[in-house]
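What follows is a walk through one predicted model, from a few charged pairs to the overall dimensions.

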Amino acid sequence: MTRFAPRVFSGVQPTGNLHLGNYLGAIVRFVEMQETHDCIYCVVDMHAITVWQDPAELTRATREVTAAFLAAGIDPVAHIVFNQSQVHVHAELAWVFNCVARMGWLNRMTQFKEKAGKDRENASVGLFAYPNLMAADILAYLATHVPVGEDQKQHLELARDIAAKFNHDFAESIAANGYGEEFFPITEPLITGPATRVMSLRDGTRKMSKSDPSDYSRINLTDDAEAIALKLRKAKTDPEPLPSETDGLKGRAEAENLVGIYAALAGETKEAVLRDYGGAQFSNFKPALADLAVAKLAPIAGEMRRLLADPGHIDAVLVDGADRASEIAMKTMDGVKDVIGFIRKK
Ligand code: AQP
């Protein structure tokens with residue numbers, strides 16, 4: 001009998017324009033999970049500042065991600081939507097995890113290596129310790145499931161290692177304080193569906209990313225129909241027609257990516273897409289994909305624009321969510337303090 005009720009947590013960074021990868025890899029899943037779980041969705045602004053952010057742009061992007069959550073169908077009343085910096089437990093618990101995680105574990109994180117590049121000495125300490133903050137985000141709510149894109153898999157594994165080490169290191173105290181055998185759950189990553197790794201439209205071997213300097217590499221959630229059609233028309237492909245079976249996509253990264261995007265937007269499998277389009281040239285497939293993308297994304301972009309016209313409402317949603325999130329997180333933090341042996345007001 002576990003003391004952990006099923007609960008979902010996930011976050012998105014307010015670092016620039018949200019794109020189709022964020023939408024298909026994360027936000028669509030967030031919406032689905034509401035049917036079956038209690039969900040907590042966070043705009044992770046403290047993660048964003050691990051690299052320089054212009055203050056006004058950070059505020060704008062925080063509201064934009066919130067608007068995207070709401071426009072995509074996340075219910076902030078039945079579930080919780082908030083921005084991370086309003087709940088101080090994230091920073092507090094991250095400090096504890098800085099003291100649980102080992103340097104060697106963080107040294108293995110590939111995202112730090114990619115983001116710090118050659119200039120490691122000049123990267124912020126926050127960028128290095130980022131996965132510990134992510135573990136705190138998840139474990140502050142004793143979340144059992146985390147829907148994410150493929151790129152977050154390694155960070156999720158680290159969160160599991162941190163939870164397991166905390167449970168092990170403090171086992172006696174955890175039991176003595178009445179928490180049984182485990183204080184933290186060993187969280188399950190949920191990396192499923194046809195679009196767990198949407199690739200750049202310019203290079204099928206790199207993931208679609210907010211920080212790619214080329215805007216033609218991604219479809220932004222706020223792109224209009226013309227921009228979507230143009231970007232897909234210019235998307236890199238090979239000269240062969242589409243195959244009739246998924247085996248034929250092997251070694252054709254760009255073709256596989258576009259078929260995956262079509263499948264995810266249509267709610268179909270890649271096999272089903274190839275049953276319809278096997279043998280088609282890209283000159284036929286790309287316009288069909290553009291029509292589908294516009295049909296799915298235009299209503300979301302319209303609703304985002306409507307919501308963003310009233311920033312006061314968005315901020316109120318975040319404050320209300322933060323109040324409710326704090327209640328849960330502070331209870332966890334009180335338990336952590338008791339287990340560690342910190343004196344606190346009771
Ligand atoms: N290309 C992608 N395909 C599928 N899922 C993706 N995600 C990001 N890119 C893709 C998922 O979106 C969620 C939020 O991501 P994030 O903004 O918190 O961080 P990120 O992974 O660093 O996003 P970007 O766009 O790649 O930003 P930059 O360029 O700043 O690094 C996560 O669940 C992520 O897996």
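E254 has a relative accessibility of 14% and therefore counts as buried, the cut-off being under 20%. Its charged side chain has a partner: E254 forms a salt bridge with K236, with 3.4 Å between the closest N and O atoms. K236 is partly exposed, at a relative accessible area of 43%.

R218 and D215 meet in a salt bridge through their side chains, at 3.5 Å from N to O. R218 is buried at 7% relative accessibility, whereas D215 is partly exposed at 34%. These two residues belong to a network in which salt bridges with shared partners join D215, R218, D223 and K231.

A further salt bridge runs between D315 and R63, whose closest N and O atoms are 2.8 Å apart. D315 is in helix α14 (residues 311–340) and R63 in helix α3 (residues 55–72), so this pair ties together parts separated by 252 residues in sequence. Both ends are partly exposed: D315 has 28% relative accessibility, and R63 has 24%. The whole structure contains 20 salt bridges.

The secondary structure consists of 14 helices and 5 strands. Which residues of α8 are buried? They are H155, L156, L158, A159, I162, A163, F166 and N167. As background to such a list, an α-helix has 3.6 residues a turn, so residues three or four places apart point the same way.

The remaining values describe the protein as a whole. For 346 residues, a compact globule would have a radius of gyration near 20 Å; the protein has 21 Å, which agrees. Its C-alpha trace spans about 70 × 45 × 45 Å along the principal axes. Of the contacts with a separation of 6 or more, 76% are between residues 24 or more positions apart. Of the 346 residues, 50% count as buried. The protein exposes about 16,300 Å², and carbon and sulfur atoms supply 52% of that area.

Note on methods:
Residues are numbered from 1 along each chain as its sequence is written. This is a predicted model: local features need pLDDT of at least 70, side-chain atom pairs count only at pLDDT 80 or more; totals for chains, interfaces and linings use all residues. Side-chain values use heavy atoms; hydrogens and water are left out. A salt bridge is a side-chain nitrogen of Lys or Arg within 4 Å of a carboxyl oxygen of Asp or Glu. Helices (H or I, at least four residues) and strands (E, at least two) are DSSP runs, numbered from the N terminus. Buried means under 20% relative accessible area, exposed over 50%, partly exposed in between (1.4 Å probe, protein chains only). The radius of gyration is taken over C-alpha atoms; the globule rule is 2.2 Å times the number of residues to the power 0.38. Contact means heavy atoms within 4.5 Å. Accessible areas come from the Shrake-Rupley method with a 1.4 Å probe; for residues, only the protein chains shown count as cover.
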